[in-house]
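Welcome! Take a moment to look over the protein shown here, and then let us walk through some of its features together.

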Amino acid sequence: MVFEPPKRLVRALGETAPDGDDWLEKLPEAAQQAVALRELTVERVQVPGGRSSLVVLVRTADGTPAVLKLAPGRARPEAERAALAHWAGRGAVQLLEPFSAEGVLLLERLHPDVSVRSLPEAKALLEAAGTLRRLWVAPPADFPFETVADRTGRQAEAMRARAQADPEVAPLVDLALAAREELLAAPPEHRLLHGTFRQSKVLGAERMPWLAVGPDPVIGECAFDLARLVRDRVEDLIAQPSGAATTRRRVKRLAESLDVDQERLRGWTLFRAVESGVRAGRVGRPRDAELLLEFASWL
């Protein structure tokens, strides 16, 4: 089988490595080797798939449905493996192979085409939040996960540079950076977080109704993790005449349901929305940038 990467993956990797690298070039051979080594039967490449990895639906030698995932080093696949091993299937997809070649994960098969986004909005938020709660555990001591302070520090530098080049975004960037400084001054907890949680990261499963996939794990406070969920379906929020009021109610409802401080959730939602909007503008996605920055202005 020819392992052709989906267009979505090629485009996304081009955004994170604009100068290019050789991972995509080597991917077909790496996938063939991973399949042969594990004696897997390939069903199909998942399309459109993810933005940071090739996802292949396979069966193991005994016929068990599984997923083979290959990711470049900059997507931090070894951190993902360590987080999934620590969660051990509690709220997240389970590893079928704790140790394997770098950048290769063999995972429990979920229902790849069924996410909580298929549910009505209120129900989707409820199910997603319940899944996220199970992931917030004390981190393992033996893996040096990135911290929220470190990750957002890198992002803050890119935001400052963009604000200098585009004065229109400078006021929102200043607000977001000020919020970050205040939030980091007194972080209330130290938990293992999913890092990139949203509705599309919660898939239907057999052993539980919903399980999380695709973490980019980070250590920090729960409000940081929940902040990405606040802006889910942002295009629908923007289209509503009452979008700003709906957003503020969503912040309040999610904070109360997961016992997270509402102002800290608002602050991290602001920072993450502005960061994503600035990054979208930088890599040539002006429509996404416009939506995210308008959303951020409501906070």
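## A helix pair to start with

Arg266 is partly exposed, at 26% relative accessibility; on this scale, buried means under 20% relative accessible area, exposed over 50%, and partly exposed in between (1.4 Å probe, protein chains only). This is a predicted model, in which local features need pLDDT of at least 70 and side-chain atom pairs count only at pLDDT 80 or more, while totals for chains, interfaces and linings use all residues. Residues are numbered from 1 along each chain as its sequence is written, and side-chain values use heavy atoms, leaving out hydrogens and water.

Glu263 forms a salt bridge with Arg266, with the closest N and O atoms 3.2 Å apart. A salt bridge here is a side-chain nitrogen of Lys or Arg within 4 Å of a carboxyl oxygen of Asp or Glu. Glu263 and Arg266 are three residues apart in helix H10 (residues 262-282), so about one helical turn separates them. Helices (H or I, at least four residues) and strands (E, at least two) are DSSP runs, numbered from the N terminus. Glu263 is partly exposed too, with a relative accessible area of 48%.

## Other salt bridges

How many salt bridges does the structure hold? There are 24. One of them joins Arg117 and Asp232, whose closest N and O atoms are 3.8 Å apart. Arg117 lies in the loop between strand E5 (111-115) and helix H4 (121-135), and Asp232 in the loop between H7 and H8, so this pair ties together parts that are 115 residues apart in sequence. Arg117 is partly exposed at 35%, whereas Asp232 is buried at 3% relative accessibility.

Another salt bridge links Glu157 to Arg160, with the closest N and O atoms 2.7 Å apart. A network of salt bridges also connects Arg76, Glu146, Arg151, Arg154 and Asp216.

## A buried arginine

Arg231 sits in the loop between helix H7 (222-230) and helix H8 (234-239). The side chain of Arg231 reaches the backbone oxygen of Arg272 at 3.4 Å. Leaving aside neighbours within four places in sequence, Arg231 is in contact (heavy atoms within 4.5 Å) with residues including Arg250, Ser276 and Phe295.

## The nonpolar cores

In soluble globular proteins, nonpolar side chains tend to be buried together. A nonpolar core is a set of buried Ala, Val, Leu, Ile, Met, Phe, Trp, Tyr and Cys residues joined through side-chain atoms within 4.5 Å. The largest one has 77 residues, and those with the most contacts inside it are Leu226, Leu265, Val274 and Phe295. Apart from it lies another core of 18 residues, among them Leu27, Val45, Leu68 and Leu106.

Most residues other than glycine have a negative phi, and most peptide bonds are trans. The peptide bond from Val47 to Pro48 is cis, with omega near 5 degrees, and Pro48 lies in the loop between strand E1 (41-45) and strand E2 (54-59).

Asp259 has a positive phi of about 55 degrees although it is not a glycine. Asp259 lies in the loop between helix H9 (243-257) and H10, and is exposed, with a relative accessible area of 72%.

Note on methods: A polar contact is a pair of N or O atoms within 3.5 Å; within protein, one must be able to donate a hydrogen and the other to accept it, and residues adjacent in sequence count only if both atoms are side-chain atoms.
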